[in-house]
Amino acid sequence: MISFVAIAQFTPAIIGGIYWKKGSRHGALSGIIAGFVIWFFTLVVPTIVTAGFLPQSLMDDGLFGWSILRPYQLFGMQEMGYVSHSLFFSLSTNVIVYVFLSLYTTQTSKEHNQAVVFVDIFKYSTIMDSSIIWKGQAYLPDLKSLLDNFLGVEKAELALQEFTQGTGRELGVKNYADPELVNYSERLLSGIIGSASARILVGSVVKEEEISMEEVLNILRETQELKSLNLELKKKSKALKKATQELRNMNETLRLNDMLKDEFISTVTHEMKTPITSIRAFSEILMDEDLPDEDRQRFLDIIIQETERMTRLIDQVLDLERFDSGRQKLNLEKSDTKILVLQATESMLQVFKEKSIQFELNLQFEELYMHVDEDRIKQVILNLLSNASKFAKSKVMLNSFIDESKWKLQVWDDGKGVPEEEIAYIFDKFFQAKNQTSKKPVGSGLGLAISKKIIEYHDGEIGVSRQGDLTCFEFSIPIQANEKLNQTYTTADEQNIDRR
């Protein structure tokens with residue numbers, strides 16, 4: 001019977017471990033020790049006294065002479081048998097110490113983890129199904145840092161508040177995270193980085209928790225999937241950025257074209273209105289029969305000039321339309337480029353003289369024959385010279401030379417130059433620079449656009465650059481390509497070549 005009472009001292013700790021989550025290891029051990037002390041005093045000590053190893057006065061007068069501490073009559077209770085007496089007081093003391101110390105002291109994180117998993121053993125399978133199986137210890141600051149990195153500080157704080165409000169539990173004990181909080185954190189991270197990745201990360205802050213090879217393989221698979229998704233997102237992001245930039249460029253181009261269209265309509269209307277007004281005015285004057293013959297002839301000349309001016313404007317518009325549609329044809333013939341340049345510049349000499357502009361011509365070769373459309377090339381040279389006359393302050397220079405199997409022609413002027421932001425549009429149709437020497441832009445804005453089309457039809461290039469105080473418009477036509485073009489022209493035995 002004595003051994004039965006001794007064994008009974010483990011009962012409170014066992015029952016508490018099954019049904020009571022607040023029990024602590026310190027409380028259980030202290031209760032068991034206290035129970036064994038009472039068991040030893042009430043059952044073992046009387047046996048020792050009977051054997052003569054202790055005085056009889058301990059039984060008669062009690063411990064320290066206190067009658068309430070007599071082994072068989074603790075606190076004066078005499079009606080119970082000595083076994084029942086020992087069992088009652090030892091278990092009572094055991095339970096009281098166990099409960100008091102468990103409530104007075106705080107559970108460790110490990111004790112709390114074990115309580116969550118194993119208390120109420122009959123519902124263990126349900127607990128297992130809820131995935132609350134973290135058996136190690138996780139430091140609360142480490143877990144918070146993990147959530148902050150992946151959720152952000154504000155969202156992590158909000159998630160922790162929702163956990164405490166929803167479960168009614170504290171975040172942890174003595175800097176150790178609640179096991180349900182560890183599981184909750186894992187679920188949060190799973191929605192962001194995948195379940196295997198979340199398992200690995202949470203496992204890195206939980207002590208004594210081994211990670212299986214399957215989980216390692218899962219994290220590798222998820223990492224590969226995330227990498228593939230990331231690459232796909234980067235591609236789509238680049239495509240969207242490119243599409244956005246293209247839309248912006250198209251929008252800017254449309255906006256500029258709309259502005260140029262409005263300016264063109266205004267300019268063309270003005271350019272056509274002026275000669276029409278002159279023609280009408282002088283035609284009305286010519287109706288006067290008394291008009292002297294000399295004045296009559298002069299007015300007729302003016303009408304013809306204004307008519308030619310209108311014709312040139314209309315021809316420019318038609319030329320540009322034919323070039324844009326690909327219906328323009330070149331009339332190629334073998335031409336002396338030196339004579340071609342001289343003829344083109346001759347018609348501009350009077351213009352330079354009237355504007356007090358010094359003109360310098362440099363032909364740096366004796367002879368160069370090429371198959372070109374003479375009228376169109378002259379048109380380009382005239383357009384470049386005319387353009388230079390609008391901007392030049394005092395000097396215009398034309399250079400014609402051979403460079404790297406190309407015929408090159410440059411027109412320099414000492415004007416204000418083409419602004420950096422206008423260079424990209426200078427050869428667009430209807431475009432007119434804003435820094436001409438005259439207050440209102442002169443011309444229709446089609447000359448340079450047509451010049452570019454003509455040079456491109458000759459397989460050449462045209463451009464503009466700025467060197468110091470001088471602006472240079474330059475075109476070049478490959479001599480070798482021109483010879484091939486000439487062979488095609490000769491073989492076909494045609495007078496016109498379609499360059500569509």
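The model is predicted, so local features need pLDDT of at least 70 and side-chain atom pairs count only at pLDDT 80 or more, while totals for chains, interfaces and linings use all residues. Residues are numbered from 1 along each chain as its sequence is written, and side-chain values use heavy atoms, with hydrogens and water left out. The protein has 18 helices and 15 strands; these are DSSP runs numbered from the N terminus, helices (H or I) having at least four residues and strands (E) at least two.

**Whole protein**

- Of the 500 residues in the protein, 40% are buried; buried means under 20% relative accessible area, exposed over 50%, and partly exposed in between (1.4 Å probe, protein chains only).
- Among contacts in the protein with a separation of 6 or more, 69% are between residues 24 or more positions apart; a contact means heavy atoms within 4.5 Å.
- The accessible surface is about 29,600 Å², and carbon and sulfur atoms hold 56% of that area. Accessible areas come from the Shrake-Rupley method with a 1.4 Å probe, and for residues only the protein chains shown count as cover.

**Helices H3 and H5**

- Helix H3 (residues 25-50) packs against helix H5 (residues 82-104) at an angle of about 160°, with the axes 7 Å apart. Axes are lines fitted to C-alpha atoms, for helices over the stretch in contact, and angles run from 0 to 180 degrees between N-to-C directions.
- H3 and H5 are therefore roughly antiparallel; angles under 35 degrees count as roughly parallel, over 145 as roughly antiparallel, 65 to 115 as roughly perpendicular and the rest as oblique.
- The crossing of H3 and H5 is right-handed; a crossing is right-handed if the near helix is turned clockwise from the far one by less than a right angle, and left-handed if anticlockwise.
- On the H3 side the contact includes His26, Gly27, Ala28, Trp39 and Leu43, and on the H5 side the residues include Tyr82, Val83, Ser86, Phe89 and Ser90.
- The contact of H3 with H5 has twelve nonpolar, twelve polar and no charged residues. Ala, Val, Leu, Ile, Met, Phe, Trp, Tyr, Cys and Pro count as nonpolar, Asp, Glu, Lys and Arg as charged, and the others, Gly among them, as polar.

**Helices H8 and H10**

- The axes of helix H8 (residues 140-151) and helix H10 (residues 179-193) come within 11 Å and cross at roughly 20°. That makes H8 roughly parallel to H10.
- H8 crosses H10 in a left-handed sense.
- From H8, the contact draws on Leu140, Leu143, Leu146, Leu147, Phe150 and Leu151; from H10, on Leu181, Val182, Ser185, Leu188, Leu189, Ile192 and Ile193.
- By class, these residues are twelve nonpolar, one polar and no charged.

**Helices H14 and H16**

- Helix H14 (residues 337-346) and helix H16 (residues 374-391) cross at roughly 50°, and their axes come within 9 Å. The two helices are therefore oblique to each other.
- The crossing of H14 and H16 is right-handed.
- H14 contributes Leu340, Val341, Gln343, Ala344 and Thr345 to the contact, and H16 contributes Glu374, Ile377, Lys378, Ile381, Leu382 and Leu385.
- Seven of the residues in the contact of H14 with H16 are nonpolar, two are polar and two are charged.

**Buried residues in helices**

- Val5 sits in helix H1 (residues 2-8) and is buried, with a relative accessible area of 0%.
- Beyond residues up to four places away in sequence, Val5 touches Trp39, Leu43, Val83, Ser86, Leu87 and Ser90. The C-alpha atoms of Val5 and Trp39 are 7.1 Å apart, and the two residues are 34 residues apart along the chain.
- Ile303 belongs to helix H13 (residues 293-325) and is buried at a relative accessible area of 15%.
- Leaving aside neighbours within four places in sequence, Ile303 contacts Ile279, Phe282, Ser283 and Leu286. Ile303 and Ser283 are 20 residues apart in sequence and 7.8 Å apart, C-alpha to C-alpha.

**Loop residues**

- Asp428 lies in the loop between strand E12 (406-413) and helix H17 (447-457) and is partly exposed, with a relative accessible area of 27%.
- Asp428 is 171 residues from Asn257 in sequence, with 9.0 Å between their C-alpha atoms.
- Ser405, in the loop between strand E11 (395-402) and E12, has a positive phi near 60° and is not a glycine.
- Asp459, in the loop between H17 and strand E13 (461-467), also is not a glycine and has a positive phi of about 60°. Asp459 is partly exposed at 39% relative accessibility.
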